[in-house]
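Student: I would like a close look at a single part of this protein, and then at what surrounds that part. Please take it step by step.

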Amino acid sequence: MRFDLPARRSGSDQGYHIVRGMVFMLAEPAATGTGDENSLKYSIKWDEWLAESRIGPFPTAIVTVAAYLALQTVILSVLATWAGTGVGVDDAEQLIYLPYLWAGYGGSQPPLYTWINWLAAQIFGTNIFTLKLVKYSVLFLAACSVFAAMRRFGYTKATAAAAMLGLFTIPQIAWESQRALSHSVAVVGFCALLLLAMANLIERRSVIAYAVFGLATAAAILAKYNDVFLVAALVAAVLSLRELRGAILDPKFAISVAVAILMLAPTTYWSLMHPADLLARGEKFGIDLQQGRMTAAATGAGKFLMGTFNFAVLPVLICALAFALTGFRFSERRPKAPAREVLLWRTLALGLAMLAILVLATGVTEVKARWLVPVLVILPLAMAAYMERLSPRGRDAQFLVIAAGAIIAVLLAPATWYFQINGTSGLSRMIRVDYAALYRQLTADGPVKTAISDGAWVGNLRLIDEKLVALDQEVPNFDRLVQDPAVLVWLDRDDPRPVILEQLKKAGYEPDGQPRQIMVPLLPSTDKSARPGAYVRLKRMAAEKATAFEEGVSKGAEGGQEPD
């Protein structure tokens with residue numbers, strides 16, 4: 001494909017071309033030739049190859065992302081095995097639930113991501129490789145779905161590649177998803193799949209297309225409950241466009257609704273039967289009924305704006321820089337946006353409006369950037385679509401976004417390796433615990449079938465003994481899962497938290513003797529050699545004690561979860 005370059009200019013325009021050439025040289029360090037025009041031509045050819053060419057039957061951009069994610073899976077797994085490290089709180093929670101295929105799980109978390117981990121564990125076992133394989137497979141699903149959705153909407157390969165690699169300009173995806181998150185990774189993957197299903201539905205309107213959209217809708221909601229905002233915003237945006245609304249108004253759309261309801265039914269029923277588990281983390285939204293409505297609304301609005309800013313600032317800055325370096329002028333006349341582009345921007349706007357209304361109406365005073373992923377994941381797609389409308393300058397801008405996304409992903413890879421070996425502070429300190437040594441201490445007095453703690457970190461012990469039952473206070477059916485002999489263990493505290501003691505009493509267990517103080521070894525080269533901890537073996541309560549406690553709970557005793 002021939003790509004015409006603008007003629008060389010003088011004065012300030014010449015300076016613009018020099019800066020532009022330097023940026024493209026950064027995108028391709030191996031550029032050869034003399035002068036900014038030669039480096040620009042070489043860089044454009046490199047980016048055009050990445051965006052437009054194929055490796056065998058697959059687009060080069062897809063193969064490149066697949067190779068990156070596969071390498072991350074292997075390297076992080078090998079590093080963890082070599083260093084003997086554990087995993088962070090989100091992955092440790094998955095280790096707790098790996099043995100169970102349930103319709104729902106504790107901690108207000110939906111089940112789909114855990115189902116995928118369960119399936120992978122049946123094949124690859126309980127290990128860090130399984131966790132990494134699932135995470136990076138879901139990220140690959142996101143990349144493929146974004147690329148395919150943009151192509152299905154009729155965009156060029158360059159636009160699809162810019163949208164896909166634009167995901168890596170979002171910190172919550174490029175960094176946080178690799179560093180710590182679990183269910184939020186599923187949000188990215190299955191929201192992208194939902195968009196692909198809608199693009200397919202708009203184009204084909206077949207019975208199969210409507211059924212697939214229903215499946216994608218259910219999958220998105222089962223990935224994270226707040227994905228319902230993307231579903232609502234996407235459907236509303238399609239209905240608002242005369243060229244597209246027929247896809248929703250078609251009687252066959254009832255197939256989508258029926259399929260989604262059918263797929264959601266088991267988890268919906270489970271949630272109704274386990275309201276305490278569904279709402280277990282409601283306090284993280286910062287709703288204070290004692291706080292004034294106006295004060296709460298102002299606080300929530302400020303946090304919402306800050307969360308949106310934190311999410312969008314980097315991709316927007318990169319796109320703004322790309323426009324500036326390609327000589328874009330807002331005074332130039334631009335073609336009218338097609339319906340496919342308006343759909344993306346309108347979905348983004350409607351989704352943000354729905355979230356803002358929810359924040360103001362409910363008194364939410366805490367909004368984190370990752371909670372906005374279901375809606376703001378559309379942002380790089382919309383910007384890539386906008387750039388196509390501004391070709392040929394927009395095409396140059398797309399190449400810059402492609403280069404930026406690739407560079408960010410590559411530069412962050414070593415940081416993820418470091419984190420896997422060293423962790424950081426706070427909850428991630430659990431990565432550096434010597435779980436093999438801790439397991440030996442817990443079993444010094446005899447075998448242990450159940451390890452219980454007041455935090456999800458205890459799931460790491462299943463990396464040492466995959467048959468071990470690991471529990472924390474958020475696990476549903478706690479009382480039915482405990483297997484004797486059982487041990488309660490805690491770290492960095494003189495006594496276990498009351499909430500876990502309440503759970504044990506409900507299950508009919510009490511400490512068997514006095515706690516034994518221990519120093520839990522940390523891996524070599526950690527700033528400290530050990531963390532203080534303690535454990536105590538458990539025994540079943542006498543029948544009269546258990547009865548008395550259950551009666552107290554039925555009369556409204558505080559603490560712990562509601563009995564199942």
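Tutor: Start with Ala534, which is found in strand S8, the strand of residues 530-540. Bear in mind throughout that this is a predicted model. Ala534 has a relative accessible area of 0%. The cut-off for buried is under 20%, so Ala534 counts as buried. Leave aside the neighbours of Ala534 within four places in sequence, and its contacts are Leu488, Val489, Trp490, Arg516, Gln517 and Ile518. Take Leu488 from that list: 46 residues separate Ala534 from Leu488 in sequence, yet their C-alpha atoms are 8.4 Å apart in space.

Now place that residue within the whole. The protein has 564 residues, and 54% of them count as buried. Among contacts with a separation of 6 or more, 76% are between residues 24 or more positions apart. The accessible surface of the protein is about 24,900 Å², and carbon and sulfur atoms hold 64% of that surface.

The helices can be looked at in pairs. Two packed helices are described by the angle between their axes and the distance between the axes. Take helix H3 (residues 60-83) and helix H6 (residues 128-152): their axes come within 9 Å and cross at roughly 165 degrees. That angle makes H3 roughly antiparallel to H6, because angles over 145 degrees count as such. The crossing of H3 with H6 is right-handed. On the H3 side, the residues that meet H6 include Ala61, Val65, Leu69 and Leu76, and on the H6 side those that meet H3 include Phe129, Leu133, Phe140 and Phe147. By type, the residues of this contact between H3 and H6 are 16 nonpolar, three polar and one charged.

A second pair is helix H9 (residues 183-204) with helix H11 (residues 228-239), whose axes lie 11 Å apart at an angle of about 25 degrees. H9 and H11 are therefore roughly parallel to each other, since the limit for that term is under 35 degrees. H9 also passes H11 in a right-handed crossing. Here Cys191, Leu194, Leu195, Met198 and Ile202 of H9 meet Leu230, Val231, Leu234 and Val238 of H11. The residues of the contact of H9 with H11 are nine nonpolar, with no polar and no charged ones.

Note on methods. Residues numbered from 1 in each chain as written. Predicted model: local features only at pLDDT ≥ 70, side-chain atom pairs only at ≥ 80, totals over all residues. Heavy atoms only, no water. Buried < 20%, exposed > 50% of the residue type's maximum accessible area, 1.4 Å probe, protein only. Contact = heavy atoms within 4.5 Å. Areas by Shrake-Rupley, 256 points an atom, 1.4 Å probe, with all protein chains shown as cover. Axes fitted to C-alpha atoms, helices over the stretch in contact; angles between N-to-C directions. Helix = DSSP H or I, 4+ residues; strand = E, 2+ residues; numbered from the N terminus. Parallel < 35°, antiparallel > 145°, perpendicular 65-115°, else oblique. Left-handed = near helix turned anticlockwise from the far one by under 90°. Nonpolar A, V, L, I, M, F, W, Y, C, P; charged D, E, K, R; others polar.
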